[in-house]
Amino acid sequence: MAVVADRTPAPASPAVPAARASAPLLGIALAALATLVWSGSFVTSRALADDVPPIQHAFWRWVVALAAVAPFGARQAWRQRELIRRHLGFVLLASLLGVAAYNTLVNQAGLTTPAANMGMIMAASPVLMAVFERAGGVRLGGRRVAGLLIACGGVLLLVGGGGGRAAFGAGDLWMLVAACCFGSYSALLRHRPAELGGAAFLFTTFLTGALMLLPVQGVSLAVQGGFTPTPGTVLPLLYVGVASSAVAFFAWNKAIALVGPTRAGVVYYLQPVCVSLLSWALLAEPTGWAQALCMALILGGVMLGAGSRR
């Protein structure tokens, strides 16, 4: 008698749907972590403005960050050196936008712009992320667009004077350029080669960005002189190098891979809220009820837009 093989398909492992369901939550959590840590870096840029020249601040930040990721990324980057060489143009552009230019511009803005203003203006970058993603053919969905617009409205009220802030100045222009660099960097991450490991990517971009800054670092030392290493300068540089660079960039890049730049960008609108609270608590920068109302509007938009795409 012939034996009939059982062709009933095996049930799908429940771990796969569970992993897919948890990916958006993990992506939102990682984007929130990066946003919170980066908020501290704006306060640090403002606090170091009188002690460390902007270019030297950026250069040593990436030297510290490079040392922090080297144990995890150097060997992986060496193994993937041929892949990195094939995508060298992508790596160079990501290093320029996200490492060399962005943070140097932020430090330059910190010379004249309050930390709260810096966070508010940086919140313009999610709009650019959404524009790039939509141009790439990604459908954003009504809920996400609504959340984006509500949060953006709160930011505009803050920047426009609803929070009682100072008039728009030269430092704010530096921050606008920085916001464009960061938005472009975040959109560019969508095109990162899937085979390129996250640690290898961070190590390579940190190394390349530091090398890009090396010539202007030499000029800054020759013209402005160095800074005095003290706990007040070294500890903030360790924070921005380890937490704001190694940890936050890894979290942000992973968030982009999981939920995309637009959805992560909506969470990024929390940054002006975090920066305003930190600058009020640590730098005694003023805040008021109108600013609190604008922050509530931003939070509402984030909660709406960070949900499922609809």
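Reader: At roughly what angle do the axes of helix α8 and helix α10 cross?
Author: In this predicted model, α8 covers residues 170-188 and α10 covers residues 231-268. Their axes come within 9 Å. The two helices are roughly perpendicular to each other, because angles of 65 to 115 degrees count as such. The crossing angle is roughly 110°.

Reader: Which residues of α10 make the contact with α8?
Author: The crossing of α8 and α10 is left-handed. On the α8 side the contact is made by Phe182, Tyr185 and Ser186. The residues of this contact divide into seven nonpolar, two polar and no charged. Those from α10 are Phe249, Trp252, Asn253, Ile256, Pro261 and Tyr268.

Reader: Where in α10 does a kink lie?
Author: α10 has 38 residues, and a straight helix at 1.5 Å a residue would reach 56 Å. The end C-alpha atoms of α10 are only 30 Å apart, short of that span. A kink of about 110° lies shortly before proline 261, at glycine 260.

Reader: At which residue does helix α9 bend?
Author: The 27 residues of α9 (residues 198-224) should span 39 Å at 1.5 Å a residue, and its end C-alpha atoms are 36 Å apart, which agrees. There is a bend of about 40° in α9, with proline 215 following within four residues. The bend is at leucine 214.

Reader: Which residue just after α9 takes a positive phi?
Author: α9 comprises residues 198-224. Just after α9, a positive phi of about 80° is taken by glycine 225.

Reader: Are α2 and α4 roughly parallel or oblique to each other?
Author: Helix α2 (residues 54-79) and helix α4 (residues 88-109) have axes 8 Å apart. They pack at an angle of about 140°. Angles over 145 degrees count as roughly antiparallel and those under 35 as roughly parallel. The pair is therefore oblique.

Reader: How many charged residues are in the contact of α2 with α4?
Author: α2 passes α4 in a right-handed crossing. From α2 come Pro54, Ile55, His57, Ala58, Arg61 and Trp62, which meet Gly98, Val99, Asn103, Thr104, Asn107 and Gln108 of α4. By class there are five nonpolar and six polar residues, and the number of charged residues is one.

Reader: Which residues of α8 meet α5?
Author: The axes of α5 (residues 115-122) and α8 come within 9 Å and cross at roughly 40°, which makes α5 oblique to α8. The crossing is right-handed. Asn117, Met118, Ile121 and Met122 of α5 take part, and their partners in α8 are Asp172, Met175, Leu176, Ala178, Ala179 and Phe182.

Methods
Residues are numbered from 1 along each chain as its sequence is written. This is a predicted model: local features need pLDDT of at least 70, side-chain atom pairs count only at pLDDT 80 or more; totals for chains, interfaces and linings use all residues. Side-chain values use heavy atoms; hydrogens and water are left out. Axes are lines fitted to C-alpha atoms, for helices over the stretch in contact, and angles run from 0 to 180 degrees between N-to-C directions. A crossing is left-handed if the near helix is turned anticlockwise from the far one by less than a right angle, and right-handed if clockwise. Contact means heavy atoms within 4.5 Å. Ala, Val, Leu, Ile, Met, Phe, Trp, Tyr, Cys and Pro count as nonpolar, Asp, Glu, Lys and Arg as charged, and the others, Gly among them, as polar. The expected span of a helix is 1.5 Å times one less than its number of residues. The bend at a residue is the angle between axes fitted to the seven residues ending there and the seven starting there.
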